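Visitor: I would like to learn how to read a model of this kind, feature by feature. Could you take me through it with the conventions stated as we go?

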Amino acid sequence: MKFTIKSKVKGGLARAGVIETPHGNIETPAFIPVGTKATIKSLTPEQVRDLVNADAVLANTYHLYLQPGTEIMKKAGGLHKFMNWSRPTFTDSGGFQAFSLGAAWGKGISKLANEESEAERVPQGGEELISDSSDSGSPNHASFASVDDDGVTFKSIIDGSTHRFTPEVSMDIQRDIGADIIFAFDECAAPNADYEYQKVAMNRTHEWAKRCLGRHHSNHLKDVSSNETESSSSSSFSLSSNQALFGIVQGGRHEDLRRESARVIGKMNVDGTEFDGFGIGGSFDKRDIGTAVKWVNEELPEDKPRHLLGIGEPLDLIMGIENGVDTFDCVAPTRIARNGAAYSSRGRLNLFNAEFVNDTGPLDAECACYTCKNYSRAYLSHLCRAKEMLSATLLSIHNLYFLVNMVKRLRQAIIDDNFEEVKNEMLTKLQIK
Ligand SMILES: [Zn+2]
């Protein structure tokens, strides 16, 4: 993987660049749609490519490990072939879900099956994150996942069976899945964890980061040597030699911890191997994006890409880009689509509202997506009310295009040296309906 910065905002952190991967380029900043279980819900890969024009997708390690399992994915030739997506891919480390989803088992699996909500990476903010931790009053997730210095033991949301992730296990699973960009295994402390616990989780994350780098390095050596011995075998599956590993910065909402974590992860080196980029993880409140993200990006090496994990609604994207984030992932655009909601240049719309029943205008007059070009608010409102599957598809196309395109416009503004102007225009419109 190679990262090149093309343009920077003077006196600020925002930048435009290109991440080059074995499966093509990602022009940054970029919004990365989430395909939790190796599918962007309700869309074909061709729709994600041609109608959304996403440069890459992100899948969740935790879910793919549990279902269908990494052996099947490995046999199918890895994530790209398995899901028929030829552009770049990311997988997360599985840590976030291992910590946050175990509680679902035994508390009514139907809730998950119906809403599909916690079964994906929930935006890492406020109440939505690990709501069950408040039940126990414990910041260390003891009620459903048990963490120790070596790893985390958790229960499957599918059948309640017990599993264990360690940094090495996460690296091996992500190697088998075969995404272009993978993440180090981290402990994501609950947002209500106190300073002392955030510090414990941060230090543990740093120790695990070293182990991830070590394992990534030895997997790489193994793959290089097996490639040499089996050079003629096209069936040999060994992608880790091409995989880029991103380290994760933790530290909650505390400036000293965030800066310390960014410095430690930023310069970590194990056997000559460093992280290829960085993820900003952990508990966030939307209000923190302008502060916590800024603290981290002021410390991280400038020449490597930064990914903001699990956050990416319109206002977050603007704030994140302004503060030096290069890539984002978030399940919100497809999740709200399934609930009949759409982003627009004038804020969020609820298609169930009576005002749309007779509205023959487009969803968003300023949007050039397939849905906005071909369908009316009245038709979309009808599909939602009639509970037709097509409503999820058409609204997902629009919501993903809206975010991808919004980020592309901000990227162009960085290159054209009018970022402030474009940003302020977007903010004004989003806040005035
Ligand atoms: Zn649209």
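This is a predicted model: local features need pLDDT of at least 70, side-chain atom pairs count only at pLDDT 80 or more; totals for chains, interfaces and linings use all residues.

Guide: Helices (H or I, at least four residues) and strands (E, at least two) are taken as DSSP runs and numbered from the N terminus. Residues are numbered from 1 along each chain as its sequence is written, and side-chain values use heavy atoms, with hydrogens and water left out.

Visitor: Is His206 buried or exposed, and which residues does His206 touch beyond its sequence neighbours?

Guide: Buried means under 20% relative accessible area, exposed over 50%, and partly exposed in between, with a 1.4 Å probe and protein chains only. His206 counts as buried because its relative accessibility is 5%. Contact means heavy atoms within 4.5 Å, and, not counting residues up to four places away in sequence, His206 touches Glu260, Ser261, Val264, Ile265 and Met268. The C-alpha atoms of His206 and Met268 are separated by 8.9 Å, although the two residues are 62 apart along the chain.

Visitor: How many of the contacts in the chain, as a percentage, join residues 24 or more positions apart?

Guide: Among contacts with a separation of 6 or more, residues 24 or more positions apart account for 70%. As for burial, 57% of the 433 residues of the chain count as buried. Thr61, in helix H2 (residues 61–66), is buried because its relative accessible area is 0%; leaving aside neighbours within four places in sequence, Thr61 is in contact with Thr91, Asp92, Ser93, Gly94, Ile173, Gln174 and Ile177. Asp256, found in helix H10 (residues 255–267), counts as partly exposed because its relative accessibility is 42%.

Visitor: What are the donors of the zinc ion, and why is its site called tetrahedral?

Guide: Donors are N, O and S atoms within 2.8 Å of the metal (3.2 Å for Na, K and Ca), and since water is not among the atoms, sites may look incomplete. The protein donors here are Cys367 (SG), Cys369 (SG), Cys372 (SG) and His398 (ND1), lying 2.1 to 2.3 Å from the zinc ion, and they follow the spacing C-x1-C-x2-C-x25-H along the chain. Four donors count as tetrahedral if all angles lie between 85 and 135 degrees; four count as square planar and six as octahedral if opposite donors are over 155 degrees apart and all others between 65 and 115, and anything else is irregular. The ideal angle for four tetrahedral donors is 109.5 degrees. The angles among the four donor atoms of the zinc ion are 98 to 115 degrees, and the site is tetrahedral.

Visitor: In which sense do strands E1 and E2 pair, and over how many bridges?

Guide: Strands of a sheet pair through backbone hydrogen bonds, either parallel or antiparallel, and two strands are said to pair if DSSP finds at least two bridges between them. E1 (residues 2–8) and E2 (residues 15–21) pair in the antiparallel sense over six bridges, with Ile5 standing opposite Gly17 in E2. Six residues lie between the strands of this hairpin, where Gly11 takes a positive phi near 70 degrees. Five bridges join E2 to E3, also antiparallel, and Ile26 in E3 is the bridge partner of Ile19.

Visitor: What packs on the sheet?

Guide: Helix H16 (residues 389–416) packs on the sheet, touching E1, E2 and E3, and its direction makes about 115 degrees with that of E2; axes are lines fitted to C-alpha atoms, for helices over the stretch in contact, and angles run from 0 to 180 degrees between N-to-C directions.

Visitor: Which residues touch the most other members of the largest nonpolar core?

Guide: In soluble globular proteins, nonpolar side chains tend to be buried together. A nonpolar core is a set of buried Ala, Val, Leu, Ile, Met, Phe, Trp, Tyr and Cys residues joined through side-chain atoms within 4.5 Å. In the largest core, of 83 residues, Phe31, Leu79 and Phe275 touch the most other members, and H16 gives the most to this core, with ten residues.
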